[in-house]
Amino acid sequence: MSEQSVSDTDRPEKWVCVDLFSGLGGFSQAFAESERWDVITVDFVEDFEPDLCADVLDLRPADLLELIGLDRDEIDVLVVLASPPCTQFSLAASRYERFVDGEPQTEEARKAVALVYHALGLIRALSPDFWVMENPQGYLRQVIGDPTGRVTYCQYGTDYMKPTDLWGDHPRGLSYRSCSYGDACHEHNTDQEHGGLGNMSGLQSYTRDSAERAKVPKELSEAVRDAVEEEIENPPPEQATLVQADGGRNAPGLHTATDRQ
Ligand SMILES: C[S@@+](CC[C@H](N)C(=O)[O-])C[C@H]1O[C@@H](n2cnc3c(N)ncnc32)[C@H](O)[C@@H]1O
């Protein structure tokens with residue numbers, strides 16, 4: 001059978017996961033391990049061998065679709081994951097007063113905010129079925145609002161707690177596992193005790209070592225993938241409107257008992 005004669009219903013489903021600020025690929029690792037997903041990674045550090053080595057700030061939605069090689073309506077399920085750099089939003093750097101009431105106070109903080117909003121713009125434009133943006137709990141909440149969920153990484157297999165915020169359109173089944181400070185599940189509160197955040201000066205240097213520490217735990221990646229797949233396979237029943245639920249008798253314009261008969 002020639003490629004052209006394969007009908008739409010015969011063609012394999014295209015499930016695509018785009019990992020923005022992919023670093024060592026921690027966030028999308030569970031998707032990459034599954035044969036069902038095509039994963040596209042984007043980072044501006046060549047050493048991390050992303051599929052697209054580019055500054056996210058320079059990207060347009062069309063660049064990502066071109067990389068995927070499909071029009072948006074040819075993608076059956078699109079998931080976007082994003083891990084924008086956290087240095088400027090770090091609570092550990094609060095002495096630098098980079099943010100006051102959610103307003104950036106320095107040039108670097110303004111750049112970090114612009115980058116997050118650009119990533120959010122790309123996500124909005126691509127209209128993914130699901131998206132998850134993560135950042136260690138910090139000042140980003142003050143900028144883009146409360147997260148959809150909050151997790152601590154020790155609940156996903158690390159020996160440090162690292163409270164982390166998750167924003168986005170999440171699959172319904174995604175649970176947010178978290179513990180409290182001082183609980184026995186973690187040895188350290190952050191990953192700083194493992195050598196610091198690596199980039200506290202605010203300089204944009206991303207070494208493999210700092211990338212290792214920023215890597216999203218595999219169990220969190222798996223939790224996102226599994227919840228997405230669960231929702232694809234068992235979509236929630238469509239919400240009936242009041243009119244539908246009442247067999248149409250609630251429709252506007254029907255007011256009298258006779259009308260409804
Ligand atoms: C928090 S780390 C990502 C960790 C990654 N999610 C993981 O699990 O391995 C942030 C990444 O963003 C990349 N990055 C920072 N600014 C960027 C930009 N403007 N464009 C593209 N990548 C950028 C850095 O190189 C770094 O790898």
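What share of the contacts in the protein with a separation of 6 or more comes from residues 24 or more positions apart? These residues account for 65% of such contacts, two residues being in contact if their C-beta atoms, placed from the backbone, lie within 7 Å. The model is predicted: local features need pLDDT of at least 70 and side-chain atom pairs count only at pLDDT 80 or more, while totals for chains, interfaces and linings use all residues. Residues are numbered from 1 along each chain as its sequence is written.

**View 1. The whole protein has eight helices and nine strands.** Helices (H or I, at least four residues) and strands (E, at least two) are DSSP runs, numbered from the N terminus. Of the 261 residues, 34% are buried. A residue is buried if 20 or more other C-beta atoms lie within 10 Å of its own, exposed if 12 or fewer, and partly exposed in between, with C-beta atoms placed from the backbone.

**View 2. Helix H3 covers residues 107-126.** Its 20 residues reach 29 Å from first C-alpha to last, close to the 28 Å expected; the expected span is 1.5 Å times one less than the number of residues. Buried residues in H3 include Ala109, Val116 and Ile123. Just after H3, serine 127 takes a positive phi of about 50°.

**View 3. Strand E7 (residues 130-136) has seven of its seven residues buried.** In a regular strand the side chains alternate between the two faces of the sheet. On one side of E7 are Phe130, Val132, Glu134 and Pro136, and on the other Trp131, Met133 and Asn135.

**View 4. E7 pairs with strands E4 and E9.** Two strands pair if DSSP finds at least two bridges between them. Strand E4 (residues 77-82) runs parallel to E7, joined by four bridges, and leucine 81 has valine 132 as its bridge partner in E7. Strand E9 (residues 163-169) is antiparallel to E7 over six bridges; here methionine 133 stands opposite tryptophan 167.

**View 5. The largest nonpolar core has 46 residues.** Such a core is a set of buried Ala, Val, Leu, Ile, Met, Phe, Trp, Tyr and Cys residues joined through C-beta atoms within 7 Å. Leu20, Val79, Val80, Leu81 and Ala82 touch the most other members. H3 gives the most to this core, with seven residues. Not counting residues up to four places away in sequence, valine 80 touches Val18, Leu20, Ile123, Leu126, Pro128 and Trp131.
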